[in-house]
Structure formats: C-alpha cells, structure tokens
Amino acid sequence: MKIPAYLQKGDTVAMVCTARSFTRDEAQEAVSLFESWGLNIVFGSTIDINANQLGGTDEQRTDDLQRMMDDDSIKAIWIARGGYGTVRIIDKLDFSKFVKNPKWVIGFSDITVLHSHIHNLGIATLHAIMPYSVPKALNEAKETLRQALFNEDYQIEIPSNSSNKTGNAEGLLVGGNLSIIYSLLGSKSSINTKNKILYLEDLDEYLYHIDRMFYNLKRNGYFDDLNGLIIGGMTDMHDNQIPFGYDVKQIVLDLCKEYNFPICFDFPAGHIPDNRALNLGTKVSLNINNESTSLKYI
C-alpha cells in the first residue's frame, strides 16, 4: 500500500463536498482547528452550494474533487460532510494522477465510498471526523486526527466489552460504514478482506437491516479469511413493534460463530463524539483480552 505524504505545518488542506451540502459559516470551528495545527484551509467551489440536499450537482462535485486531487499544492482533502451522494460521482473521477501522487482523503460515513475505492487502488486513507462533526467531537477524536496527519505514534486502547471475542490479529485495516460497504458489493469499489482486519459502524438502521447486511457480507466471503473484526459505533438502532430478537452484538456473534477471528465491540469510531482516526490501508495489530482492547499501527 502507498502511504500519502504526512503533513507539515504550513501545508494546505482542501475542504470539499462530495455528498451533502455545507457552508463556510458551518466550517468555522473546523477551520480554526486546522489553523491551530499550523495548516491552511482552502474551500472548494462546492462549499456554499446547495443542489437540493447535495453540495452541488454531480458535475460540480466531481469537478471540485478532481481539481483538488490533481492540484499538487493541496496536501490533503477533507470531505466536509457525509449523508449521501459520493457514489454518484465515484465512476466519473480520474485517479491516474492521484495514484502517482497520493494525498490523504479524510472523512467517514458516506465517504466510505472513497475509502473503499481508493483502497483498491493501493492507497491509504483516513477514516476520521469531518468539518461537519468537529463541533461535537471529543478532544480524543481531534487529537488522533492530528497525530495521524502528522505521523505521530499513537494507539487506541479501551476497556474490553464483555461480549468481545478475545484473541490477537494483524493485517491491513479496512472498512467504514456498513450500509455503504453493503451497497458497494459487486462493484469495483468492493473491498477484498482476505487476511485483513475489518472495521464496521452504522447509524439509524433497523436491527433486521443490520442482520440482512451482515448476511450479505458473509455470503460474499467477507468473513471467510478475515483476521479480525472491529465493531464501532452502532448508533440510534431501531426495532420493530414485534422485536427482531437480537441486538447488534448478538447478530454479529451469531453470524460469526463458525469463525475463529477475534471480535471487538464498542470501538471508539463512527457516528459518535469519540470518533477516533483510523488509518485505513495501514497494517495494525489488534489485541483483545478480558481487560482491554488495543489497536496499534505496526
């Protein structure tokens, strides 16, 4: 995997919309955060544009991201907001120059489209807070993004959940939003999970939807040769009037009972304030015991 160049003070980061719309006024806390780190923010042409719920038409969003990918003065691209829309432009983008001179693409949620597609090009990306989420982000989430961008050593260690499946694993870290990964199955953006550690999170889904999506991942071989599974925030889950009968942990454990890989629950990443940065496409070690869970970059 290619690792984009890490940032230095004075570097310029572009802020663009690939999904829902976002404004300069909404971006002020995010701009202040990056400026406090010695970075400069340049607004893309899609900031302050509203095409229904999207940050510009498909053509506008494609052109804006393409321009920032190809501009050598831009050292990283921070996607402003998730929601929906990135899949509408992914096949319109030309990654030929980006592959030769990669830069960090930062975001989560709908931005999983970019993470997965770029992973298949052999380039690492950053699953982390976006400008939209900065105001509610905990200091731990902000600090891990800074550490990731500036190549400072860090690891994530949390108390173990009683539902965890203990064990140790190593492999490239991949994944993101479950609904998006599910929607990419069968496309050229669908990831290969063989010998990797898969991270998944989601928001505002019915429990039976979660079950259905996990079954589809299983039927597509996502768990056959997996080294480890990390479940992040499963936020605002819903149930029907007649209960589904399983919560997310029970769904995952039941579906994965035939496999030997370790499984971690309640990892601090996803649609939660403690959304810590994950270097997707880099090699990590995952250690899960009865007392703690740790993720280290190796």
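User: If a pocket is an open set of points on a 1 Å grid over the protein atoms alone, where a 1.4 Å probe fits and protein lies on both sides within 12 Å along at least five of seven lines, what is the volume of the second largest pocket?

Analyst: This is a predicted model, in which local features need pLDDT of at least 70 and side-chain atom pairs pLDDT 80 or more, while totals for chains, interfaces and linings use all residues. Residues are numbered from 1 along each chain as its sequence is written, and side-chain values use heavy atoms, without hydrogens and water. With volume taken as the space filled by probe spheres set on the points, joined across faces, edges and corners, the second largest pocket has about 240 Å³.

User: Which elements give two or more residues to the lining of the second largest pocket?

Analyst: Lining residues have an atom within 4 Å of a point, and of the 15 here, Tyr6, Asn151, Asp153, Asn279 and Tyr297 are the closest to the centre. The elements giving two or more, as DSSP runs (helices H or I, at least four residues; strands E, at least two) numbered from the N terminus, are helix 5 (139-149) and strand 13 (292-297).

User: Which residues lie closest to the centre of the largest pocket?

Analyst: The largest pocket holds about 400 Å³ of space. Of the 18 residues that line the largest pocket, the closest to its centre are Phe108, Tyr132, Ser133, Lys136 and His271.

User: Which residues does Leu149 touch, leaving out those up to four places away in sequence?

Analyst: Contact is taken as heavy atoms within 4.5 Å. By that criterion, Leu149 touches Tyr6, Leu7, Phe34, Trp37, Trp104, Ile106 and Leu126.
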